[in-house]
Amino acid sequence: MRLRRSSTDPTLPVRSLRPALLAGGLLALVAGWSPAQAAPAVDDAGARSLAASLKKDLPRWFPPPTEDGEGIGFEWQGEPTVKPAGDHYDVALPRLSAEDAEGTLFDIGTVLLSVTPKDDGQYGVSITLPGAIKVQNLDDNDEYVDAATISIGKQSFTSTWSGTLETLLAVDAAYSDIAVAAADGKGKVSIASMTMVQDLKPEAGSGGATLWSGPAAFALGGLSVLDDKNKELARIGGVTAEAAYTRVDLTKVSALQKLSEQAAAKGVAPTSGELLPKLQGMFGGITGALRLSNLSVVNPEDGTTVTLGQFAFRSGLADLDQALSTVSLGFEARDFAMSPSPAPAAFTPRTMEMKLSMAKLPNAALWKAFGELAKAAEAEEAPPKKGGKPAKAPAGPALADLAMQQAMAAMGEAGTELRIDALNLDTPATAGTATGALRVATPAAFGVTGGATVLLRGIDAAVKAMQPAPGAKPDKETQDLLGGLAMIQALGQAGKDDSGADIRSYKIEVTETGQLLLNGADMSPLLAGGGEPAPAEQPKKKK
């Protein structure tokens, strides 16, 4: 296969190819083989049927290069072979290669499948990739030259595929000793292990629908990146990604996939009227978490090193198929260090945590508003009919503005809240926490009311410790830091926590009339550049 680059830009660095890159499309090919309710017999007739289905659908699922050279183009050499083998079929696909728009060619080779028919249109499918995949780049003379080799040590990929739903229901995969090594021996990316699991189970839904719920996870360990001098640039001890799906309507997922195929064949994007009904009610919820541990990175130019003991990112959507839903996200980082440090060591974060959520979201109203916004956008982008006059804008508010007003009104009625569930920062010298919430209130000046409480510990002690000795003058960095800390100190209300340690508290409030209060003082004039904040009402002293 010879494809020329679409531009004269230099070839991009070789990208690694995930061992499971082909899994989705290969399993979808099996779905084209008409399923029955009971597991069909494994015989020569079934082998011929499966081979014919694969031959027909390979170009559909793995299309050849496009005329504009965008995306990845696939080329199959030969025909698939299918042989009955006891309770399953042994399948050898034609030799496969793929090339991206930048001229990087992946000579994948022959992929082997084992297909076991099961009841209810399901199949057990295992996939074996070649142990070595050659990667080539186009040089300045448009000739292919070896760039790298992707090697896979041990591998195992078993799964359960629903031919009816065209969806993976279960996956159990494990790979080890994966490496992407430069052809000249200068540079290497290696992964000690990689695993993938998924297990979706059916549950009864409304209206006779069958919904699916269950976990999925991906993990890799021992990632190492070497530069062209074979010095380690980065190392990651482990990466894990976990997800939990709740009440997924796989019938709608399948319908969405078919809509995407039909639109791609026509060369047009689906309209909002076609897309949104299939998206609405597709699943009840999904939660996800990404964790990274023992990261170390070195900048070869200046020797700067960054280490991170642990980083975690979490997100979730809950109750999308109910009246009110919740969206959440957050992250946590621990044991961060940078050398040389851009900040004084005493103020370099040791741990950081943030958790935010949007609760009590009115699903029906938001879907309606989203649909109206999509229709308005499509109407604006639609070209006028040939010979026709541009349509006049309707009187009154624009459709998009009206949709937003209706959505805000619905959120006000539902009591939608933006919550700071946790905001924590810890350094050797100071620590801080914050919690609070803003509630949508349509009549309010800012459209929201509520506030947050911030507590800072160690500020007073840090300012005292950083004061220069008598007669000494602090350097500019220390002077600037002292100025900032002094301002923060002055705005806070002094107090003590349960352990007796000094704290500064900051109670921030947004009122319905549009005031922004800090510990009771109106900060609106200060923020508007109008002078000092209005004094807060002082608590009366006890007699």
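This is a predicted model: local features need pLDDT of at least 70, side-chain atom pairs count only at pLDDT 80 or more; totals for chains, interfaces and linings use all residues.
Helix α5 spans residues 363-381 and helix α6 spans residues 399-414. Their axes come within 9 Å and cross at roughly 170°. Because angles over 145 degrees count as roughly antiparallel, α5 is roughly antiparallel to α6. On the α5 side, the contact is formed by Ala-365, Leu-366, Ala-369, Glu-372, Leu-373 and Ala-376. The α6 side contributes Leu-399, Ala-400, Ala-403, Met-404, Ala-407, Ala-410 and Met-411. Of the residues in this contact, 12 are nonpolar, one is charged and none is polar.

In one of them, the ring centres of Phe-62 and Phe-74 lie 5.2 Å apart and the planes stand at 80°, so the pair is edge-to-face. Phe-62 lies in the loop between α2 (44-61) and β1 (73-77), whereas Phe-74 belongs to strand β1. The two residues are 12 apart, and the pair links distant parts of the chain. Phe-62 is buried, with a relative accessible area of 5%, and Phe-74 is also buried, at 14%. Together with Trp-76, Phe-62 and Phe-74 form one aromatic cluster.

Another pair, Trp-367 with Phe-370, has ring centres 6.4 Å apart and planes at 75°, so this pair is edge-to-face. Both residues are in helix α5; because they are three residues apart, about one helical turn separates Trp-367 from Phe-370. Trp-367 is partly exposed, with a relative accessibility of 24%. Phe-370 also counts as partly exposed, at 46% relative accessibility.

Definitions and conventions
Residues are numbered from 1 along each chain as its sequence is written. Side-chain values use heavy atoms; hydrogens and water are left out. Axes are lines fitted to C-alpha atoms, for helices over the stretch in contact, and angles run from 0 to 180 degrees between N-to-C directions. Helices (H or I, at least four residues) and strands (E, at least two) are DSSP runs, numbered from the N terminus. Angles under 35 degrees count as roughly parallel, over 145 as roughly antiparallel, 65 to 115 as roughly perpendicular and the rest as oblique. Contact means heavy atoms within 4.5 Å. Ala, Val, Leu, Ile, Met, Phe, Trp, Tyr, Cys and Pro count as nonpolar, Asp, Glu, Lys and Arg as charged, and the others, Gly among them, as polar. Rings of Phe, Tyr and Trp (its six-membered ring) pair if their centres lie within 6.5 Å; planes under 30 degrees apart count as stacked, over 60 as edge-to-face and the rest as tilted. Buried means under 20% relative accessible area, exposed over 50%, partly exposed in between (1.4 Å probe, protein chains only).
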